[in-house]
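Biologist: I would like to learn how to read salt bridges in a model. Can we go through some cases?

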Amino acid sequence: EGHHKHSYHLILNSELPGFERRQLQVLANVARYHRGSAPKKKHGLFSELTAEDQGRVRALAAILRLALALDRTHQQHVGEVRTRAREDGVRIIIQAHGDAEVDVWAAERKVELFEKVFGRKVRFSARGTTNATQGKRRSRVASTRRRRT
C-alpha cells in the first residue's frame, strides 16, 4: 500500500548515474502518479516542477497507467501494442497471446487521465487468441469501447 509514494521518495533520494536532479524529480513524480490520484497543482512536490515538466509528468503517468493496466493479470497476455492517433481519438491495438479480456477491461478503466491530458478519446481493439482457442486459430477482432458509469 502506498508504493507509488514510496517510489517517489526512493527515486528522488537516489543517486542514479546519468540523471540530473531535475530529471530525477520528473521521474519521481511519474512514479508517484502512476496510480491513485492525478497530478494536482496543490500537491507540493508536483507544484515545484516547471509547467513544462508538469506536462511531461502528466503525459508519462497517463501512458504508464495504461501500460500497467494492460498487464493487470500479470500473465503477459498482451504481446504487442500499437497506436493510431487521429484528431478525434486514439486507437490502441493489442496483439494478444491468450485471453487478454481482463487486461483490456482494466485498461479501459484507466483512460481518464490519458483522455484529459491528450484531449482525445481512447478506443481499444484486441486481436489474437483466446483461452478457448489456445493459438489454434485467430479470434475475430474484438473492439471494445470504454463504458461511462
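Modeller: Start with Glu 52 and Arg 56, whose side chains meet in a salt bridge at 2.7 Å, N to O. The term means a side-chain nitrogen of Lys or Arg within 4 Å of a carboxyl oxygen of Asp or Glu. This is a predicted model: local features need pLDDT of at least 70, side-chain atom pairs count only at pLDDT 80 or more, and totals for chains, interfaces and linings use all residues. Residues are numbered from 1 along each chain as its sequence is written, and side-chain values use heavy atoms, leaving out hydrogens and water.

Biologist: Where do Glu 52 and Arg 56 lie?

Modeller: Both are in helix α4, 4 residues apart, about one turn of the helix. Helices are DSSP runs (H or I, at least four residues), numbered from the N terminus.

Biologist: Which residues are linked with them in a network of salt bridges?

Modeller: The network links Arg 22, Glu 52, Asp 53 and Arg 56. Asp 53 and Arg 22 pair at 2.9 Å, N to O. That pair links distant parts of the chain, 31 residues apart: Asp 53 in α4, Arg 22 in helix α2 (residues 21-32).

Biologist: Is Asp 53 buried or exposed?

Modeller: Buried means under 20% relative accessible area, exposed over 50%, partly exposed in between (1.4 Å probe, protein chains only). Asp 53 is buried, at 1%. Arg 22 is partly exposed, at 38%.

Biologist: What about Asp 103, which is buried yet has no salt bridge?

Modeller: The nearest side chain of opposite charge, Arg 72, is 7.2 Å away. Still, the Asp 103 side chain reaches the backbone nitrogen of Arg 72 at 2.9 Å.

Key: Lys, Arg positive; Asp, Glu negative; His and termini not counted. Polar contact = N/O pair within 3.5 Å; in protein donor to acceptor, adjacent residues only side chain to side chain. Helix = DSSP H or I, 4+ residues; strand = E, 2+ residues; numbered from the N terminus.
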